[in-house]
Amino acid sequence: MRLYDAIQDWIMSNAGEWWTYLVTAILCWLDGFFPPLPSESIVIAMSTLSSTHGGPVQLWILVPLAMAGAWAGDNTAYWIGRKVPLERLFRGERGARLLAKAHHLIHHKGPEVLLSGRFIPGYRIAVNMVAGHVRLPYKRFMVIDFVATALWAALGVGIGLAAGSLFRDRPLLGIIVGVALGLLVGWMIERIGKWREWRKLAKTLKALDVEGK
């Protein structure tokens, strides 16, 4: 318990410092084009300690900086996709599979996959890089991604506020629960996306079977 209390006290004494907002923005930026960093987790954790619940974190500072960092990261990924051959970045069987899937979804769904991809760490990197690679119009990408980052930030803050209200007197526990909920939501979005793909494939195969008869 002493260690728990010490960690909790350290978090509470530092959460509202200027550098914590800067670290949040930088992590959100890097997470847009670098293999998964905890951008969702830090946004949720910071929101859990919001002044709404008597904590030191100011949402009017956190939300714009998190959005700006995430938007800049996604746009960095877009331009990397335009300038760098993606085969060099997505190596191995798993990388090739991820790249092929991103290509397929960008061509067939476009805006929908850009919106949903923002909520799945790692996957959003491939989607945004492929958007640049296939030269999706940049103005269109910027607008779609702005909406995606706004929804992403709203979800993270919402989860953090909910966890903070449930564990108002135990902020560290609120952070742990909030981050766990964020990971669960990301996993569920990924599962739903895969379920929809399997459903579409099943319908296609059924239609082909009917035509064959």
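This is a predicted model: local features need pLDDT of at least 70, side-chain atom pairs count only at pLDDT 80 or more; totals for chains, interfaces and linings use all residues.

Student: How are two packed helices described?

Tutor: Two packed helices are described by the angle between their axes and the distance between the axes. Here, helix 3 and helix 9 have axes 7 Å apart and pack at an angle of about 45°. That angle makes helix 3 oblique to helix 9.

Student: Is the crossing of helix 3 and helix 9 left-handed or right-handed?

Tutor: It is right-handed.

Student: Which residues of helix 3 and helix 9 meet?

Tutor: From helix 3 come Ser39, Glu40, Val43, Ile44, Ser47 and Thr48. Among their partners in helix 9 are Trp152, Gly156, Ile159 and Gly160. By class, this contact of helix 3 with helix 9 has seven nonpolar, six polar and one charged residues.

Student: Now the pocket. How much space lies in the second largest pocket?

Tutor: The second largest pocket holds about 330 Å³ of space. Its lining is made of 22 residues. Glu40, Phe119, Pro121, Gly182 and Gly186 are the ones that lie nearest its centre.

Student: Which helix gives the most to the lining of the second largest pocket?

Tutor: Helix 10 does, with seven residues. Helix 3 (39-48), helix 9 (138-166) and helix 10 (171-212) each supply at least two.

Student: How do the lining residues of the second largest pocket divide by class?

Tutor: There are 16 nonpolar, four polar and two charged residues in that lining.

Conventions: Residues are numbered from 1 along each chain as its sequence is written. Side-chain values use heavy atoms; hydrogens and water are left out. On a 1 Å grid over the protein atoms alone, a cavity is a set of points where a 1.4 Å probe fits but cannot get out, and a pocket is an open set with protein on both sides within 12 Å along at least five of seven lines; lining residues have an atom within 4 Å of a point. Grid points are joined across faces, edges and corners, and a volume is the space filled by probe spheres set on the points. Helices (H or I, at least four residues) and strands (E, at least two) are DSSP runs, numbered from the N terminus. Ala, Val, Leu, Ile, Met, Phe, Trp, Tyr, Cys and Pro count as nonpolar, Asp, Glu, Lys and Arg as charged, and the others, Gly among them, as polar. Axes are lines fitted to C-alpha atoms, for helices over the stretch in contact, and angles run from 0 to 180 degrees between N-to-C directions. Angles under 35 degrees count as roughly parallel, over 145 as roughly antiparallel, 65 to 115 as roughly perpendicular and the rest as oblique. A crossing is left-handed if the near helix is turned anticlockwise from the far one by less than a right angle, and right-handed if clockwise. Contact means heavy atoms within 4.5 Å.
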